[in-house]
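Please open the model in your viewer and keep the selection panel at hand.

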Protein chains: 2
Amino acid sequence: MGTALALAERSRGRTAPNPNVGCVIVRDGRVVGRGWTQAGGRPHAEAMALAEAGAKARGATAYATLEPCAHQSPRGPACSDLLIEAGVSRVVVALEDPDIRTAGRGFARIETAGIAVTRGVRADEAKRSMAGFLTRQALGRPHVTLKLATSLDGCIAMPDGSSRWITGPQARAHAHLERSRHEAILVGRGTYDADAPRLDVRLPGLEERRPMRVLLSSTVRDVPGWTVIAAPQDIAPLPNVDHILIEGGAAVASAFLAADLVDRLLLYRAPILIGGGKHSLRDIGLTDLTEAHGRWAIVDARQLGSDRLEVYERERNEA
Amino acid sequence: MGTALALAERSRGRTAPNPNVGCVIVRDGRVVGRGWTQAGGRPHAEAMALAEAGAKARGATAYATLEPCAHQSPRGPACSDLLIEAGVSRVVVALEDPDIRTAGRGFARIETAGIAVTRGVRADEAKRSMAGFLTRQALGRPHVTLKLATSLDGCIAMPDGSSRWITGPQARAHAHLERSRHEAILVGRGTYDADAPRLDVRLPGLEERRPMRVLLSSTVRDVPGWTVIAAPQDIAPLPNVDHILIEGGAAVASAFLAADLVDRLLLYRAPILIGGGKHSLRDIGLTDLTEAHGRWAIVDARQLGSDRLEVYERERNEA
């Protein structure tokens, strides 16, 4: 399942409105097929893995991060049928598909065919992996990641606005990798005016990824090459966007936090002190310190050169 | 040597102007004596460990975090003579004593008596352990630790100044333990006026520790129970203070950083966002981002409940 989860990462940010699924076919302890949802949503991970496995899929175990689909589509057959036809002897799945067209029917069809099904394996990681799809299903909006790159004292720039560079090359490369995992990237008017950012993915092999560029502004309307929205809530109807990355600056970040529209926080911190600089946030609507607690849980941390990346997730009851 | 270093921690902040030394006597693989510099500076660690070991010191190995002293004093004999008289067969030391009254003469005296000497064992840790003594010797001032307790976005309080609580009980207990390791604690006028803090050590078994309370203010003069200084540089002549802890607020912290008088940074961070609150620092005299880099190296990090403590040290060429 670990391999299937890793494969699923390859298409995160490219499959909306479909989930990014990973699948591995294992026979006699050897991987005979690997698949991940392709850009645009098809082929599905299982179809790709079964195509690679060919006849070796007979008697094999299929690991998938999401329940195989049960619905026919003009774009391809149902994955549960493909697994049955291929003759796998066991199916191991992380999460049930919340899509009402499947929602347990994939499991039922496979079990009816006499194939053993194991569910719930590494479900928490799969939830994180498919956060965009699951957030869209549950809340009707994209999954929102806020990126902050700060000094130890929480500054994002010098008093004159200069921020090159707070973090080092490894942290900046990681931030570009994160761009490639999002269908859209949003900035505010200040960042747009100051940098006119390209918001592209400057990493070898990922240059073709061009996330939708979104500008949050209540005053401008038409900006060529950009999608302009007037309020944080306007991200909900963006087409084919299940993951959106908020890149800056403080006004935009604070507006999304105040609207409780941030699901994940990427905090890149450099081991420097700036002092009287520009701070990462403004008012986020907090009236009491007790309200601030219990909202954010750290889920990952790593060193990137001399900088440290911490990843936090918003704690929500419905999660 | 690890045990000797741990013993030395017991008296950090209580031995000025003497160093806080740890000593262990080991014979046939068993610890037969343990000592650490006592409050006020005497007895020395070696004298205490040898007293515990008694006749078992003969043929034993003595581990000490600092070179045994070679100077006679009205307050006790030289430790190098005590080790020779006790008949130890080997002496293992972390650091040479920079005090000009010893400075290699302790080693010379022991070796002349035919006892093997090993130097430089875990010297970096010993430097950190005796940072107060070494800073006083090298720079003629106390070792300065700045404590900051912040949210992830670098706030130390809500807009109205309330800061109870940003960090949790484990982080606050650790901050009290740090108080016990300093001869003096300094706050600014704002913190004094807002909290009239006791600055005592509220930990079981350490209640008797009463660090000197220092107020940094250019306007007030006499405050009963407090030592008032007008500028950060005025910490240098404070009597019997080799470790000083800067506790708040932002103006005081920034004044010490601007004067480059902070050697160690204790950063307690709670997993919360505050937004438009009071920030941890003001202008610290930085004119360019490149100046900010290369100053701070992380030397320790630990989780304290839901909070994280990071310890940074100022990188100095003379270190």
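**Across the interface**

Nine residue pairs, both members at pLDDT 80 or more, are in polar contact between chain B and chain A of this predicted model. To see which elements are involved, select β12 (264-269), α10 (289-292) and β15 (307-314) of chain B; each supplies at least two residues of the side that touches chain A. Coloured by class, the residues of that side of chain B comprise 18 nonpolar, nine polar and eight charged.

Next, select A:Arg308 and B:Glu310. These residues form a salt bridge, with their closest N and O atoms 3.7 Å apart. The rule finds four salt bridges across the interface of chain B and chain A.

Now display the whole contact, to which chain B and chain A contribute 35 residues each. The area buried between the two chains is about 2900 Å², and carbon and sulfur atoms give 66% of that area. On the chain B side, select B:Met158, B:Leu273 and B:Leu289, which lose the most area to chain A and together account for 22% of what that side buries.

**Within chain A**

An open sheet of eight strands, with mixed pairing, runs in the order β10-β9-β8-β11-β6-β12-β15-β14. Its edge strands are β10 (227-229) and β14 (296-304) of chain A, each pairing on one side only. From one strand to the next, the twist averages 25 degrees.

Zoom in on β6 (residues 143-150) and β11 (residues 243-248) of chain A, parallel strands joined by four bridges. Here A:Thr145 has A:Leu245 in β11(A) as its bridge partner.

Finally, select helix α7 (residues 169-180) of chain A. Helix α7 lies across β6, β8, β11, β12, β14 and β15 of chain A, and runs at about 160 degrees to β12(A).

Technical notes:
Residues are numbered from 1 along each chain as its sequence is written. Chains are lettered from A and ligands numbered from 1 in the order in which they are written. This is a predicted model: local features need pLDDT of at least 70, side-chain atom pairs count only at pLDDT 80 or more; totals for chains, interfaces and linings use all residues. Side-chain values use heavy atoms; hydrogens and water are left out. Contact means heavy atoms within 4.5 Å. Buried area is the accessible area (1.4 Å probe) that two parts lose on being put together, summed over both. A salt bridge is a side-chain nitrogen of Lys or Arg within 4 Å of a carboxyl oxygen of Asp or Glu. A polar contact is a pair of N or O atoms within 3.5 Å; within protein, one must be able to donate a hydrogen and the other to accept it, and residues adjacent in sequence count only if both atoms are side-chain atoms. Ala, Val, Leu, Ile, Met, Phe, Trp, Tyr, Cys and Pro count as nonpolar, Asp, Glu, Lys and Arg as charged, and the others, Gly among them, as polar. Two strands pair if DSSP finds at least two bridges between them. Axes are lines fitted to C-alpha atoms, for helices over the stretch in contact, and angles run from 0 to 180 degrees between N-to-C directions.
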